[in-house]
Amino acid sequence: FAFNSGIIFVVYYKEGGGEHAAELAWQVGVVANFVQGALEVALAPVGPRISGAVPMVALLGSLSSVGIAWLFANTMMAEFAWPLVTIAPFFLLLSALLAGVKIPHVPSTILPVFVGGAIAWISGKATGPSVSKAAHEVGWLPATIHLEPFHDFSRVLPYLGIAIPMALTVAIGSIQVRQMAANAGDDYNLRWTMVGDGMATMIASLFGSPWGMTVFIGHGAFKGMGAQIGYAAMAGVAFLVVCFSGLSGLVLAIFPAEVLNPIILFVGLIVCVEALEITPARHWPAFLVALVPGFFNWAMEVASEFAAAICKGGFRIEGNFVEWAASADCEIHPHADSAWARTPTLLSVRALGKGYILTSILWAAMVVHIVDRRFSMAAVWALIAAALSSCGLVHAEVVFLPWKSEGDSLHWDLVGGYVLTAVFLISTHLVTARLSRLPSTTESEATLDCTSDSP
């Protein structure tokens with residue numbers, strides 16, 4: 001999700017769409033993937049320190065924002081395009097995995113998938129011609145090394161500002177997912193987890209993949225389905241065979257993606273449930289705050305897709321028609337920076353959606369320390385947020401020097417807002433620390449006793 005929405009789509013639409021734009025978007029994605037893997041390996045030695053410094057609810061809450069916004073809400077949106085096929089299998093899956101209603105000796109996910117598949121064929125959503133067409137694509141096509149994106153680096157270099165914050169976000173994701181696995185009872189070594197994930201990602205990029213390897217977000221959910229360590233090995237072998245042979249198209253023709261998606265819905269749901277279960281009740285406000293930025297990131301993509309759908313005549317970029325190139329119904333490209341600057345609301349949606357995982361961590365950490373009355377630490381996190389905002393690592397699409405911010409942005413307003421927050425929190429810390437040193441009698445006289453029975 002992160003690389004698609006934050007890098008590949010951005011480059012594609014900035015280049016005006018078409019075959020040339022698609023090739024460049026792929027090249028940028030491949031190089032960004034390599035950078036992400038290298039960054040993760042570089043961060044591995046300090047991974048435990050990062051994990052220890054960030055409150056657990058901030059790590060898990062930000063990961064839950066991915067789960068609830070992208071895995072659940074975004075998938076549910078796609079599912080409701082086929083409600084006849086998808087609603088019943090989803091609730092069948094919940095009945096099996098949450099209520100324990102199962103057929104003996106049959107995996108919990110099999111029945112919902114077959115029920116959904118049967119409905120898809122009966123209703124005509126799955127058809128014989130689509131299977132026949134997919135069958136013709138089957139053949140053994142193993143991956144080969146592709147170094148083209150690294151040859152003409154001058155084309156990729158201007159977009160590294162987009163790639164770096166996304167690479168940092170994904171690298172932090174490994175820390176988050178490993179923490180969730182530890183909470184499920186599997187305490188893997190964090191340094192080796194990050195090294196393995198980063199190395200595999202760099203190798204994948206050399207084979208032309210713009211998407212990296214990742215520690216799977218659904219560890220607890222799949223463990224709840226009965227998966228053990230052999231599942232990961234079997235999944236790897238299955239991916240290799242299916243992808244190299246072209247069987248993926250055939251499988252999706254027989255069992256459309258909408259039939260398989262209830263499993264993704266369940267994973268997105270359980271990610272949030274597991275995080276909430278281990279979060280102390282007093283920190284629930286921090287957990288809820290952490291969920292919000294993910295929805296803004298999702299809303300950005302939905303809004304752009306909606307705008308593109310109603311601009312059926314095409315868009316204009318610097319006076320030129322793109323897309324259908326007949327007549328333009330929209331004067332502004334729905335994915336252009338200027339489109340988000342049209343109204344303050346759109347500008348704020350974009351700012352909240354960009355760098356959303358890091359934003360979730362920052363906000364949740366601040367709320368946790370405020371709830372625990374550690375106002376000085378909350379101020380530190382506010383200053384970190386200000387520093388990251390100043391160079392575009394959060395609330396922006398690209399990394400930039402603080403004095404070279406994007407034209408249409410809330411750059412300095414965001415920095416100033418976080419700095420003011422830090423000032424107020426430091427002031428609160430000083431005042432509360434001073435009050436705590438006052439004699440108890442004086443403090444009690446200055447404080448309204450709300451528990452007294454006297455009038």
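## A partly exposed leucine and its patch

Leucine 92 is partly exposed, with a relative accessible area of 32%; partly exposed lies between buried, under 20% relative accessible area, and exposed, over 50% (1.4 Å probe, protein chains only). This residue lies in helix H5 (residues 83-98); helices (H or I, at least four residues) and strands (E, at least two) are DSSP runs, numbered from the N terminus. The model is predicted: local features need pLDDT of at least 70 and side-chain atom pairs count only at pLDDT 80 or more, while totals for chains, interfaces and linings use all residues. Residues are numbered from 1 along each chain as its sequence is written, and side-chain values use heavy atoms, with hydrogens and water left out.

Together with Ile103, Val106, Ile110, Leu111 and Phe114, Leu92 forms a nonpolar patch on the surface, with about 470 Å² of accessible area in total. Accessible areas come from the Shrake-Rupley method with a 1.4 Å probe; for residues, only the protein chains shown count as cover. Patches are made of residues with over 30% relative accessible area and no salt bridge, where like charges are joined within 9 Å and nonpolar side chains (Val, Leu, Ile, Met, Phe, Trp, Tyr) within 5 Å. Helix H6 (residues 110-123) supplies the largest share of the patch, three residues.

## The chain as a whole

The protein chain has 22 helices and two strands. Of its 455 residues, 44% count as buried.

## The nonpolar cores

The largest nonpolar core has 75 residues, of which Ile217, Phe266, Val267, Ile361 and Trp381 touch the most other members. Helix H4 (residues 56-79) gives the most to this core, 13 residues. A nonpolar core is a set of buried Ala, Val, Leu, Ile, Met, Phe, Trp, Tyr and Cys residues joined through side-chain atoms within 4.5 Å.

Beyond its neighbours within four places in sequence, tryptophan 381 is in contact (heavy atoms within 4.5 Å) with residues including Ala53, Pro55, Ile361 and His369. A second, separate core of 17 residues includes Ile7, Val10, Ala25 and Val28.

## A buried charged residue

Glutamate 274 is found in helix H15 (residues 257-277). This glutamate is buried yet has no salt bridge, meaning a side-chain nitrogen of Lys or Arg within 4 Å of a carboxyl oxygen of Asp or Glu. The nearest side chain of opposite charge, lysine 223, is 8.9 Å away; Lys and Arg count as positive and Asp and Glu as negative, while His and the chain ends are not counted.
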